[in-house]
Every structure is written in structure tokens, then in C-alpha cells.
Amino acid sequence: NLPAKVIEVAALHERGSSEAQEVELSPKTPAEVTIELTHTGVIAGIVVDDAGEPIEGAQVSAWPSFGRRGGRRNRRLMGRTQELTDAGGRFVLRGLADGTYGLRATPPGAPGRGRLWFRESKEAEVGDENVRLVLPADGSVTGKVAFANGDAPDAFTVGFGFGSPTPFTTRDGSFTLGDLPPRGYSFVIRGIGFDDKRVGEVQIEAGKTKDLGTITVTRGRRLAGRVVDAGGSPVQGALIRAGRNIWGDGSSSNAQFGPPWARNAKDTRSGEDGAFVISGLGPGVMSVVAEHEDKGRSVILTVGPRDDATAMNLALQPFGALEGKVSKGGQPASEILIRASMVESPQVTYGVQSGEDGTFRFDRLAPGLYK
């Protein structure tokens, strides 16, 4: 049940691992492959806390030097090498190719793979068996989010780096974010009803809590209006998105994964009468689009760099579709990104990838001229 194309194959065992190799598959003849476990290198050591006491259950991850030939392909296929420490804090990483690795340790039960990259890295060579990783206690940050009049927003998130932000819905706007590796941070406070607020140059110390005090946020600009169908009737449950940049996929204006510059868009749903309100928008030209699974998508409206807009009328039009095929050197080209944006609204982009046969399709697009 594998696709009839060139694929990558590798093997991983406690005694060793292999290099990734390309294999061309045919629907008629099974491919005969010999995989040799050529990588048998070992890095071993111990994980201790600030006091020198061993830490049981810590996860040690090894990432090879980015300069090693073939390393990127192997990492994509098999991921990073990792192991848990035993009762004495000891770890052994096996099946490593020769070279230099960056080692990071994560405390037991620590959340989020993204926080791994905020921990200190220590380089080690294959063959090193006395690596000592010091894992200081995590710190935390606390504070309170409020408007200028003292009211707290109904909901907000606190985030940093590229990981998912943590949501909070406390009555007084208070929050506490723990499990933070000691280092400097820049936090971003986001919510539907206010402008994004960035709090930078925050130094977290091992085992301590940093109090940020009251963080005052601004309610920001406000967009309001109605969503109607092609006949002028109100539409309930339509998705409305507003932002300086909006990134969608082949079926929605809210792609699950988008570029960093498109992550600040805000969205809401229309009520029974088709009405909607989006507040907390910062300065800059805003693009606004509405869509409903059955009734279609609106043309994209733009709002001036500092204007409120409280009488918007977003009229849905039935979806259209766009499909085609990508080739390279006369052969189908798979996994190619195709982007489409309306000529009048280049800040709103929809993206899909070509399939194994090079074909691609946008299932849902508003009528109009696209680039």
C-alpha cells in the first residue's frame, strides 16, 4: 500500500541506525531493499540539577550538526534521537552517525516540544561517554491583564517563541505561566477585544517566579456589520476574518498552518441576525472576508489604516473552484505549493500543494480574478 514513486527508507534499532536511501517503487514489481545499520555510535552521560543531584526521568535529545551530509534527510524521516534517564540520571544515546551533536535535557513532565529549544544546548562528539548535562529548575511568570479602566478581558492568551500560546479566562485577568527554562523572554498577550501587547526583556531565574504586575491593554479598532447571502438574507454562523494578512487553504480562509506574518488575524462568527463584531485590531490596512460552508464566500473588503468600520455588509457568493497540474521536466511535480490571491486583495492568500500526480485544486474560492 505504498505510492508508486520514489520514497525514502531508513531503519532504526537499539543496536544502530541506517542512512536514508531512495527507493523507486513500481506497482508491478516489489522493491528488494537491503538496509545496513552503519551508524553504531554512542553518546552517554548523566543529567543533574544545580546541586549536582541526578535527575530520573529527564528526556535527553540529540540533534546532529546541520552541516553533516545527509543529516537533514535522516532527521526528517526518523526525527531526533532521544532517551530517558534512569534512576541514577544516566542516559545512553545509540545508533548515532559520527560527528558532533547538540544535547538538550528536559525535566520529567515538562510540556511542549517547543520549549525544548529554549533550554541550553551542550555539544558532544560521538564516543563521548561522560557528558554532564546540568538542568536547572524551571521558573515561572505571573501577572494581570487589564484595560485602562481596570476591567479584565473575558479571555486572552500568553505566548512566546513559536509554540502555541496558553489561554486564560480568569475573572480578574490574572495568569501564571510555569515550566519556563531560565533565560530571557519576550511575551505576547493576545485577545479578541484588544490590540496585541508585547512585553519584552523578561529574565526568568531558576526556581523563581517573575511578577510582571498589571499589563494594560488597549481596546483597539472595531469592525462590525452583517453577513448576508446572495439574496440579502442574514447568515448565521459565518466565519469572519480580519487582519493585515490572511492565509487560507483550498477550502477555508483559516488555514491550520500559516506563515508567521498571517497569525495575527482575528476572527468571529455571525449571530442569528447575521451581525458580527471584531475589536482589538491594531493600526494598518485591514482585509476582511466572510465565508459559510454552504452559502459561499464574500468579496474581500479593505479598511483604512486607522479607521473603524461599523456598518460593513459582507455578501456571500456561491463558491467557485480552480484546478490544474504542475510539471517539471515534463514529469508530474508533487508537493509544490500553489498560491492564489485576488488581484484586488493580494494580502489574502490561499495555498494548496500538488499531489503525487502533480494535480492541485482549490475547492472553494469566491468569484473573481486571481493571480
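Buried here means under 20% relative accessible area, with exposed over 50% and partly exposed in between (1.4 Å probe, protein chains only). Tyr 185 is buried on that basis, as its relative accessible area is 5%. This is a predicted model, where local features need pLDDT of at least 70, side-chain atom pairs count only at pLDDT 80 or more, and totals for chains, interfaces and linings use all residues. Residues are numbered from 1 along each chain as its sequence is written, and side-chain values use heavy atoms, leaving out hydrogens and water.

**Aromatic pairs**
- Rings of Phe, Tyr and Trp (its six-membered ring) pair if their centres lie within 6.5 Å; planes under 30 degrees apart are stacked, over 60 edge-to-face, and the rest tilted.
- That rule gives eleven aromatic pairs.
- Take Phe 147 and Phe 194: their ring centres are 6.2 Å apart with planes at 75°, so they pair edge-to-face.
- Phe 147 sits in the loop between strand 12 (139–146) and strand 13 (156–159), while Phe 194 is in strand 17 (residues 194–204), 47 residues apart; strands are DSSP runs of E, at least two residues, numbered from the N terminus.
- Phe 147 and Phe 194 are both buried.

**Around Tyr 185**
- Phe 160 and Tyr 185 also pair edge-to-face, at 5.1 Å centre to centre and 85° between the planes.
- Phe 160 is buried too, at 10% relative accessible area.
- One aromatic cluster takes in Phe 118, Phe 160, Tyr 185 and Phe 187.

**Charges over rings**
- A charge counts as over a ring if NZ of Lys or CZ of Arg is within 6 Å of the ring centre and within 35 degrees of the ring normal.
- Arg 183 has its charged end over the Tyr 185 ring, 5.8 Å from the centre.
- Arg 219 lies over the face of Phe 147, 3.8 Å from the ring centre.

Technical notes
Helix = DSSP H or I, 4+ residues; strand = E, 2+ residues; numbered from the N terminus.
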